[in-house]
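Subject: Handing over a structure

Hi,

Here is the structure I promised to pass on to you.

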Amino acid sequence: PTKEDLGEIAHIYEAFKQIANPRCKDNTKIFVLLIFFMYSPVSLLNKRICRGGVRREIGKVLGMSNSAITKHFVDAKSLMLNHKGFRDEAERIYGQLQTIA
């Protein structure tokens, strides 16, 4: 993991909103994916969400249930593998977040 402090997720979300294309319908999925990548990258490799508290903290920031966060994460993993446009946008945002978050 590149991040440990779950309290930073709200700050990262504020930065994300400044970077993300507001017309992109996949912003929530991208945000969820990037947070798991930062805090629990092993979650991208298996079917379990491994790091405790990450999903709950994302849910607080986005105002969603744990199950909704899980759904967005599963969808985002599939899109990352199968949709070049999604992957390119996620990589663009991640690169910019690294300079400010």
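First, some ground rules. This is a predicted model, in which local features need pLDDT of at least 70 and side-chain atom pairs count only at pLDDT 80 or more, while totals for chains, interfaces and linings use all residues. Residues are numbered from 1 along each chain as its sequence is written, and side-chain values use heavy atoms, with hydrogens and water left out.

**Helix H2**

Helices here are DSSP runs (H or I, at least four residues; strands would be E, at least two), numbered from the N terminus.

H2 is mostly covered, with 11 of its 13 residues buried. Buried means under 20% relative accessible area, exposed means over 50%, and partly exposed is in between (1.4 Å probe, protein chains only). Among the buried residues of H2 are Ile30, Phe31, Val32, Leu33 and Leu34. What do the buried residues of H2 pack against? Their partners are H1, H3, H4 and H5, where contact means heavy atoms within 4.5 Å.

**Residues around H2**

The contacts listed here leave aside neighbours up to four places away in sequence.

- Asp26 sits in the loop between H1 and H2. Asp26 counts as buried because its relative accessibility is 13%, and it is in contact with Leu79 and Phe86.
- Phe86 belongs to helix H5 and is buried, with a relative accessible area of 3%. Phe86 touches Asp26, Lys29, Ile30, Leu33, Ala76, Leu79 and Met80. The C-alpha atoms of Phe86 and Asn27 are separated by 9.5 Å, although these residues are 59 residues apart along the chain.
- Gly85 is also in helix H5, but Gly85 is partly exposed at 42% relative accessibility. Between the C-alpha atoms of Gly85 and Asn27 there are 12 Å, with 58 residues separating the two along the chain.
- His72 is found in helix H4. His72 counts as buried at 17% relative accessibility, and it touches Thr28, Lys29, Val32 and Met64.

**The largest pocket**

The largest pocket has a volume of about 220 Å³. A pocket is found on a 1 Å grid over the protein atoms alone, as an open set of points where a 1.4 Å probe fits, with protein on both sides within 12 Å along at least five of seven lines; lining residues have an atom within 4 Å of a point. Grid points are joined across faces, edges and corners, and the volume is the space filled by probe spheres set on the points.

Its lining consists of Leu33, Leu34, Phe37, Leu44, Lys77, Met80, Leu81, Ala90, Glu91 and Tyr94. By class, the lining has eight nonpolar, no polar and two charged residues. Here Ala, Val, Leu, Ile, Met, Phe, Trp, Tyr, Cys and Pro count as nonpolar, Asp, Glu, Lys and Arg as charged, and the others, Gly among them, as polar.

**Salt bridges**

How many salt bridges are there? The count comes to seven, taking a salt bridge as a side-chain nitrogen of Lys or Arg within 4 Å of a carboxyl oxygen of Asp or Glu. Here are some of them to look at.

- Glu14 and Lys17 meet at 3.1 Å, N to O. Both lie in helix H1 (residues 9-19), three residues apart. Glu14 is partly exposed at 42%, and Lys17 is partly exposed at 41%.
- Glu57 pairs with Lys60, their closest N and O atoms being 3.5 Å apart. They are three residues apart in helix H3 (residues 54-62), about one helical turn. Glu57 counts as buried at 18%, whereas Lys60 counts as exposed at 58%.
- Lys71 and Asp75 meet at 3.0 Å, N to O. Both are in helix H4 (residues 66-82), four residues apart, and Asp75 is partly exposed at 23%.

Enjoy exploring!
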